[in-house]
Amino acid sequence: MRHDNGGDLLVAVLRELGIDTVFGIVSVHNLPLVEAVDRELRFVPVRHEASAVNAADAWGRARGSIGCALTSTGTGAGNAAGSLIEALSAGSPVLHVTGQIESGYLGSGRGFIHETKDQLGMLKAVSAYAAGVPDARSAGRILREAAHAALAVPGGPASVEWPIDLQYAEQTDTPAAPAPQVLPVPGDGDTAAAGALLASARRPLIWAGGGARTARGELTALLEATGAGLLTSNSGRGAVPEDHPQVVGNFATAPAARALLADADVLLTVGTHFRSNETADYTLELPAAHIQIDADPAALGRVYPAAHALHGDAAAALAALLPHARTADAEWTRRIGAVRDDVRAALYDGIGPQAAILTAIRDALPREAVVARDVTIPSSSWGNRLLPMHDPRDNVFPRGGGIGQGLGMGIGAALARPGTPTVVMAGDGGLAVHLGELLTLAQERPRLTLIVFNDGGYGVLRNMQDRYAERRSGVDLVTPDFELLARACSLPYLRIAAEDHAAPVIAEAVATDGPVLVEVDLAALGPMKNPFTPPVRIPGR
């Protein structure tokens with residue numbers, strides 16, 4: 001099969017992958033690709049390459065598939081690197097196609113425009129897969145291999161650099177899908193031994209991470225067959241809908257949940273990597289009777305020892321364990337329900353006046369709506385725990401912890417799911433990192449409510465310095481007049497400055513068929529009852 005140029009070939013491959021929207025920035029070194037995508041699909045011109053990857057990442061998360069970002073070479077590819085790290089941290093499939101200088105000048109070091117030293121080496125460091133297109137006969141194969149690698153377990157971004165002369169060349173393509181990944185299934189002996197331990201449990205707990213997202217039915221069946229409580233990592237939220245009475249949720253380090261872990265006689269963990277911020281820097285204690293399921297063999301026993309390590313597909317492993325399930329003590333299941341209520345009530349009380357905003361968001365959103373969060377106090381303290389998630393695709397946040405990615409992610413998710421509202425929670429400091437994406441928001445006009453929590457700087461680090469240091473450094477920032485900023489970008493603007501503003505303002509914003517910027521004036525609203533500091537240890541403190 002022949003294509004007039006690389007852009008036509010890229011469109012054909014994207015259609016195979018079910019991708020109809022691409023995010024990026026046009027450049028002299030990707031022009032044929034952008035022109036073809038814009039002509040045949042939908043090209044969304046973001047304002048920064050990092051946002052292109054964030055938006056493509058979230059577009060894929062919200063659909064449960066793969067997204068695509070186009071960037072330029074050199075500085076453009078470098079700008080994308082931070083967001084590629086986020087996708088790599090999350091195991092989120094992204095096809096990142098970047099330009100490259102003319103193939104005849106590669107590696108010459110003569111200073112060709114947009115040239116950089118060892119761009120492919122940089123991309124390999126921040127991607128699950130990276131390759132260069134060597135000729136006009138190989139581009140289709142490499143694009144498909146990249147997408148296959150991105151979608152495989154454990155997944156992540158796949159980067160393809162494409163010299164500009166080879167983009168303009170006529171392409172010869174022989175469509176052929178790479179062999180599908182076959183995930184291992186735990187052996188009968190391993191499953192039987194783990195099943196015997198599970199069958200002995202009278203006080204079982206299950207902990208679900210991001211790897212449980214593809215095993216929702218099997219996880220729910222085992223949860224209900226055992227009467228266990230379900231803890232989750234942030235990534236595992238929605239694997240079982242959070243209104244299920246046995247879901248304790250993303251509260252493993254809360255005192256009541258720690259007490260559950262201390263009293264549990266068996267813990268089954270599924271696809272969680274026990275990140276530092278979800279284990280109180282690994283100080284959280286887990287039961288010794290630990291069954292761990294993970295498709296990534298490197299994850300088994302890496303953080304916590306496992307009495308039984310089951311390497312394989314989560315759905316298959318959970319289905320194999322189901323015949324061994326025995327019902328927990330009735331008092332244990334009742335205790336799980338009480339802990340579920342207690343941890344939520346304690347956190348709700350501790351956030352003070354922000355509880356009104358939480359309630360307003362929860363009441364305004366339909367059951368299936370995307371909630372995208374940047375790294376900010378409201379997100380880290382209550383957004384990642386109290387806003388209910390019923391489907392993993394609704395749960396969009398930067399798992400690697402990088403600030404400033406929330407709006408780009410929200411734009412991608414909103415364009416992936418145009419029929420449902422999207423809410424983005426961001427701080428003034430994080431929003432400023434990619435303030436230009438307000439113009440993308442105004443241009444594309446998705447149904448997106450951007451809630452900006454304005455505390456005049458980096459509140460998390462300010463709280464840390466107020467607690468541990470003698471002075472503040474780098475945390476108090478000048479912020480814009482958000483009403484004027486919204487007006488300059490042709491965005492509707494609303495403001496919350498008191499608890500009784502929250503319900504009507506957020507209801508109006510969410511009901512709007514387009515973007516709205518909502519500023520939460522935290523100085524006027526009042527402080528949280530319990531100031532939030534992140535679960536990070538300070539050496540010597």
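Contact here means that heavy atoms lie within 4.5 Å of each other, and I411 is in contact in this sense with E437, T440, L441 and L448, not counting residues up to four places away in sequence. The structure is a predicted model, in which local features need pLDDT of at least 70 and side-chain atom pairs count only at pLDDT 80 or more, while totals for chains, interfaces and linings use all residues. Residues are numbered from 1 along each chain as its sequence is written, and side-chain values use heavy atoms, with hydrogens and water left out.

**Overall form**

- The protein has 21 helices and 20 strands, where helices (H or I, at least four residues) and strands (E, at least two) are DSSP runs numbered from the N terminus.
- The radius of gyration, taken over C-alpha atoms, is 24 Å, which agrees with the value near 24 Å that a compact globule of 541 residues would have; the globule rule behind this is 2.2 Å times the number of residues to the power 0.38.
- Along the principal axes of the protein, the C-alpha trace spans about 70 × 60 × 45 Å.
- Of the contacts in the protein with a separation of 6 or more, 75% are accounted for by residues 24 or more positions apart.

**Surface, burial and charge**

- Buried residues make up 57% of the 541 residues, where buried means under 20% relative accessible area, exposed means over 50%, and partly exposed lies in between (1.4 Å probe, protein chains only).
- The protein exposes about 20,600 Å², and carbon and sulfur atoms supply 53% of that area; accessible areas come from the Shrake-Rupley method with a 1.4 Å probe, and for residues only the protein chains shown count as cover.
- There are 44 positive and 58 negative side chains, and the centres of the two sets lie 3 Å apart.
- In that count Lys and Arg are positive and Asp and Glu are negative, while His and the chain ends are not counted; the place of a charge is taken as NZ of Lys, CZ of Arg, CG of Asp or CD of Glu.

**Cysteines**

- The structure holds zero disulfides, a disulfide being a pair of cysteine sulfur atoms within 2.5 Å.
- C68 is buried, with a relative accessible area of 0%, and C489 also counts as buried, at 8% relative accessibility.

**Helix α18 and its partner**

- Helix α18 covers residues 459-468, and its buried residues are G459, V460, R462, N463, M464 and Q465.
- These buried residues of α18 pack against α14, which covers residues 377-383.

**Backbone details in loops**

- The peptide bond from V153 to P154 is cis, with omega near 10°, and P154 is found in the loop between α6 (139-151) and β7 (157-163).
- F274, which lies in the loop between β12 (266-270) and β13 (290-294), has phi near 55°, a positive value in a residue other than glycine, and F274 counts as buried at 2% relative accessibility.
- R445 likewise has a positive phi, of about 55°, although it is not a glycine; R445 sits in the loop between α17 (437-444) and β18 (448-454) and counts as partly exposed at 41% relative accessibility.

- I411 lies in helix α15 and counts as buried, at 1% relative accessibility; the C-alpha atoms of I411 and V44 are separated by 9.9 Å, although the two residues are 367 residues apart along the chain.
- I403 is placed in the loop between β16 (395-396) and α15 (406-416), and I403 is partly exposed, with a relative accessible area of 37%.
- Leaving aside neighbours within four places in sequence, I403 is in contact with D374, V375, G429, G430, V433 and Y458, and the C-alpha atom of I403 is separated by 10.0 Å from that of R373, which is 30 residues away along the chain.
- A497 lies in the loop between β19 (493-496) and α20 (499-511), counts as buried at 12% relative accessibility, and touches D521, A524 and L525 when residues up to four places away in sequence are not counted.
- The C-alpha atoms of A497 and A288 are separated by 49 Å, and these two residues are 209 residues apart along the chain.
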